[in-house]
Amino acid sequence: MIKLATLLACALVFMGVPAHAERLSINLVVSEKGTPYQKFAKEFKKALVAVDADVYIVESHDVNEGNKGLIVAVGMRSAKLAVLQHDTPVLFTMIPAFGYRDLMDGLATDGNRFDQITSAIYLDQPMSRQIDFIKAILPNRSRVGVLYSSEEDAGLKGMRKVTAERGLSLVTRRVGEAGLFPELEKVLSTSDLLLAIPDGEIYNSSNIRNILLTSYRRSVPLIGISRPYVRAGALSAVFSTPEQLANQAAETVISFSRSKQLPAPQYPAEFNIEVNREVGRSLGIILPSKAVIRTRLGASGEGSK
């Protein structure tokens, strides 16, 4: 009697389907030791348990030789290492949108663009979501202050368009040779709120405490970019967790394993909301509940995630 396994193998051959699908090799490059990166790696591997794939966690650009199916680079340091692998598809994660653009621009030579075999899941939120979030928590404030070190990196053109479409105005100041705090004072004097952006020249461990104190003293709430910002004294933030980004990356990898194509770069699909009610009370701001914020965001198409 012919065994069932033999019959199945023969059937697969006649149907033109291989008996064994190619196993995907994934090099997860995690060059930074911080907790967010560890959380990402743990959740990413967990999300791919049921997938026919080998995940190699590496801490440099020396990816597993002979197993270069896909590189997933976590964070900017890993991204800069991963771009050295010119012949391997790369999915960049936990990097800001301007960071990805800078990487691709730096590699564009003679019409040969590395971005043809790359994609990204950005760390920052789409500006439409950020502005809708501001309208949801501070509906009576219309002047959005922004500090930036590079107009192109800050995406000011798109930011102006989004704020104008929603009936808000943008108040911007470039931080240059005059230094941070003179420009901070100027933007706070003509703004109803200060929106932080992922600009490491301005929002870094050396500056953030003084930025928060200065904005608080001027009674101008700061909208942060993560939960730690809110815990440190920002009024609120909309952000995506490492676990949410890891699950989105896993979904992208699963799709890649079937099509061998990476999608266009994308912003986070899922997001969290954090508010600091103590700061709100100190500034005389009554913050709506998270459920109400979600409902208001839902009216603009952002509240379902």
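A: Rings of Phe, Tyr and Trp count as a pair if their centres lie within 6.5 Å; with that in hand, we can read this model, which is predicted.

Q: How many aromatic pairs does the structure hold, and which residues do ring pairs link into a cluster?
A: The structure holds four aromatic pairs, and ring pairs join Phe92, Tyr100, Tyr122 and Tyr267 into a cluster.

Q: How should I read a sheet, and what is the order of the strands in the open sheet of five?
A: Strands of a sheet pair through backbone hydrogen bonds, either parallel or antiparallel. Here five strands form an open sheet with parallel pairing, in the order E2-E1-E3-E4-E5. Strand E2 (53-58) and strand E5 (118-122) each have a single partner strand, so one side of each is left without a neighbour in the sheet. On average, and with direction ignored, neighbouring strands of this sheet are turned by 20 degrees against each other.

Q: How many bridges join strand E1 to E2, and which helices pack on this sheet?
A: Strand E1 (residues 24-30) runs parallel to E2 and is joined to E2 by six bridges, with leucine 24 standing opposite alanine 53 in E2. Helix H2 (residues 35-47) packs on the sheet and touches E1, E2, strand E3 (70-74) and strand E4 (90-95), its direction making about 165 degrees with that of E1. Helix H11 (residues 242-259) also packs on the sheet, where H11 touches E1, E3, E4 and E5 and makes about 170 degrees with the direction of E4.

Q: What is the strand order in the open sheet of six strands, and which are the edge strands?
A: The order of this open sheet is E7-E6-E8-E9-E10-E11, and the pairing is mixed. Strand E7 (169-174) and strand E11 (272-275) are the edge strands, each pairing on one side only. Neighbouring strands of this sheet are turned by 25 degrees against each other on average, direction ignored.

Q: In what sense do strands E8 and E9 pair, and which strands does helix H5 lie across?
A: Strand E8 (residues 193-195) pairs with strand E9 (residues 222-224) in the parallel sense over two bridges, and leucine 195 stands opposite isoleucine 223 in E9. Helix H5 (residues 127-137) lies across strand E6 (143-148), E8, E9, strand E10 (236-239) and E11, and runs at about 145 degrees to E10. Helix H8 (residues 180-189) packs on the sheet as well, touching E6, E7 and E8, with a direction that makes about 170 degrees with that of E6.

Q: How is helix packing described, and at what angle do H8 and H9 pack?
A: Two packed helices are described by the angle between their axes and the distance between the axes. H8 and helix H9 (residues 208-217) pack at an angle of about 30 degrees, and their axes are 11 Å apart; angles under 35 degrees count as roughly parallel, and H8 and H9 are therefore roughly parallel to each other. Their crossing is right-handed. Leu180, Phe181, Leu184, Glu185 and Leu188 in H8 meet Asn210, Ile211, Thr214 and Ser215 in H9, and the residues of this contact divide into five nonpolar, three polar and one charged.

Q: What is the angle between H5 and H13, and which residues make the contact?
A: H5 and helix H13 (residues 290-299) pack at about 130 degrees with their axes 9 Å apart, which makes H5 oblique to H13. The crossing of H5 and H13 is right-handed. The contact is formed by Arg129, Asp132, Phe133, Ala136 and Ile137 of H5 with Ile293, Arg296 and Leu297 of H13; these residues divide into five nonpolar, no polar and three charged.

Technical notes
Residues are numbered from 1 along each chain as its sequence is written. This is a predicted model: local features need pLDDT of at least 70, side-chain atom pairs count only at pLDDT 80 or more; totals for chains, interfaces and linings use all residues. Side-chain values use heavy atoms; hydrogens and water are left out. Rings of Phe, Tyr and Trp (its six-membered ring) pair if their centres lie within 6.5 Å; planes under 30 degrees apart count as stacked, over 60 as edge-to-face and the rest as tilted. Two strands pair if DSSP finds at least two bridges between them. Helices (H or I, at least four residues) and strands (E, at least two) are DSSP runs, numbered from the N terminus. Axes are lines fitted to C-alpha atoms, for helices over the stretch in contact, and angles run from 0 to 180 degrees between N-to-C directions. Contact means heavy atoms within 4.5 Å. Angles under 35 degrees count as roughly parallel, over 145 as roughly antiparallel, 65 to 115 as roughly perpendicular and the rest as oblique. A crossing is left-handed if the near helix is turned anticlockwise from the far one by less than a right angle, and right-handed if clockwise. Ala, Val, Leu, Ile, Met, Phe, Trp, Tyr, Cys and Pro count as nonpolar, Asp, Glu, Lys and Arg as charged, and the others, Gly among them, as polar.
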